[in-house]
Amino acid sequence: MKRLLICLSATLLAACGARTPEAGKTEITLMRFFGSCEAQYGQVVKTAEGVGECGIVTALVNEFNATNTDGIVVKTQIGEWGPYYDQLTARLVAKDIPAVAVMHESALGDYVRRKLVLPLDEDFKRVGVPVDDFTEHARRGTSFNGQTYALPFDTWAWLWHINTGLMKQAGLTGADGQPALPRSPDELLAQARQFKQRTGKPYFAWAVANETAANDRTFLTLVAQQNARLFSADGKTIDMHQPAVVNALTLMQMLYREGHVRPNLDYAAANQAFLNGEAGVVVVGTWTIDQFLRESQKPESKLKGAYTVKPFPQLYEKPAVFADGHSWALFKGGTQDAKAHEAAVKFLKFVWDHSAEWSRTGHLPVSKTVAQSEAFRALPLRAALTEITQTGVGMPGNVPTQRGIELLIGEDVANVMISGKPVAEVQASVEKRVNKALKKARR
């Protein structure tokens with residue numbers, strides 16, 4: 001097995017062009033996802049000229065390499081999004097450790113508990129990364145036991161992307177042309193019924209088939225809006241037998257059963273249905289804003305002049321929306337000496353100083369200064385989203401193996417919709433499976 005992991009790691013490195021460091025240079029490795037776009041952006045050395053996730057992060061690294069005066073060279077090693085953490089684990093086992101790696105904040109805690117990543121407060125203080133400028137969500141996602149273990153890169157959240165043309169046809173817009181968002185489960189159901197009656201289309205497209213993350217994120221949003229605590233204070237158990245859970249699952253089941261969610265769509269099909277004008281709302285994350293905006297500017301698009309985006313509406317007593325974030329962690333053993341470690345820290349400072357550029361992807365800023373800036377608020381549709389840097393919620397940081405837990409919850413929530421599985425059975429199944437996984441999880 002170890003030999004296989006070493007081979008996997010070697011293959012990954014070979015594919016990314018790993019080679020011997022140049023004389024007089026300090027090389028550090030950067031492992032990330034966000035795709036590969038060297039053909040288009042490999043020679044771009046200004047972050048401001050990057051477009052989209054891949055374009056911006058590629059140009060960001062290129063600019064650092066071209067402009068730093070310390071002889072630092074960042075070598076990017078690209079992992080695939082789906083198996084990214086398996087690839088990272090393979091490298092750690094093989095002792096082929098990246099200096100810096102991108103991490104979802106929901107996954108970061110597992111690596112902190114295993115003592116694989118370095119605390120960064122002293123480094124940040126030395127180079128001038130102001131931790132007190134982190135947004136509330138970013139601070140919560142990168143802090144464990146009073147220490148900071150990663151540089152936050154963004155906050156991404158669960159949003160309603162809305163076809164305002166169809167909403168107008170359904171009589172669900174105000175005098176300003178903006179959609180009149182529901183403020184309770186009853187209002188949502190009434191709107192969905194009116195929308196279907198007047199347009200002949202379902203209110204929603206969201207991914208339910210071959211999908212776990214979307215189902216889990218909608219469910220967690222609805223539970224959090226009821227001010228309910230799903231996990232115990234120590235993160236060791238889940239409590240599915242509470243009114244907030246019943247309310248959330250019942251609402252999701254009713255929307256699907258009455259035909260207000262376009263049936264059996266996977267992730268790609270849900271987004272395409274929205275682009276094709278086949279639903280009023282697609283429930284998906286911040287990362288699609290840029291794509292949908294570009295689509296809405298095309299003359300032939302079903303979204304032409306009819307696109308807006310809002311935080312997931314407050315249907316219960318508390319404003320809350322599922323949110324996570326990308327961050328950059330420094331791994332133990334990823335640098336061989338103090339000089340290389342300092343090089344990695346200087347790169348993180350450069351990333352922080354250019355974090356406003358990353359906000360162009362649709363992801364939200366992790367700097368309070370950037371979030372409050374005129375430049376950010378001037379970006380299309382962003383001003384209404386800044387509240388998420390305070391209202392964003394996810395699983396508590398002390399819940400281990402969160403991506404595995406997301407899968408378990410998402411599978412059963414799908415069953416409550418697609419197969420009509422009784423809510424009580426889903427409650428029991430989730431609680432049994434998740435508590436078993438939490439009991440076995442390494443802490």
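The exercises below work through a sheet, a cavity and a pocket of a predicted model.

Residues are numbered from 1 along each chain as its sequence is written. In this predicted model, local features need pLDDT of at least 70, side-chain atom pairs count only at pLDDT 80 or more, and totals for chains, interfaces and linings use all residues, while side-chain values use heavy atoms, with hydrogens and water left out.

**Exercise 1.** Work out how strand E1 is placed in its sheet.

Solution. Start with the strand itself, where strands (E, at least two residues) and helices (H or I, at least four) are DSSP runs numbered from the N terminus. E1 covers residues 26-32, and five of its seven residues are buried, which here means under 20% relative accessible area with a 1.4 Å probe and protein chains only.

Next, look for its partners, given that two strands pair if DSSP finds at least two bridges between them. Seven bridges join E1 to the parallel strand E2 (residues 72-78), with threonine 29 opposite lysine 75. Two bridges join E1 to strand E3 (residues 100-104), again running parallel, and there methionine 31 has alanine 101 as its bridge partner.

Then follow the sheet onward from E3, which is joined by five bridges to the antiparallel strand E12 (residues 326-330); valine 102 is partnered there by tryptophan 328.

**Exercise 2.** Describe the lining of the largest cavity.

Solution. On a 1 Å grid over the protein atoms alone, a cavity is a set of points where a 1.4 Å probe fits but cannot get out, and lining residues have an atom within 4 Å of a point. One cavity of 30 Å³ or more is counted, and the largest has a volume of about 60 Å³. Its lining includes Trp160, Phe204, Trp206 and Thr218. Helix H11 (243-257) and helix H10 (213-224) each supply at least two lining residues, and the largest share, three residues, comes from H11. By class, the lining has 11 nonpolar residues, one polar and no charged.

**Exercise 3.** Describe the largest pocket.

Solution. A pocket is an open set of grid points with protein on both sides within 12 Å along at least five of seven lines. The largest pocket holds about 980 Å³ of space. Among its 43 lining residues, Gly394, Met395, Pro396, Gly397 and Gln402 lie nearest its centre. Helix H5 (105-113) gives the most to this lining, with six residues. The lining divides into 18 nonpolar, 13 polar and 12 charged residues.

Conventions:
Buried means under 20% relative accessible area, exposed over 50%, partly exposed in between (1.4 Å probe, protein chains only). Grid points are joined across faces, edges and corners, and a volume is the space filled by probe spheres set on the points. Ala, Val, Leu, Ile, Met, Phe, Trp, Tyr, Cys and Pro count as nonpolar, Asp, Glu, Lys and Arg as charged, and the others, Gly among them, as polar.
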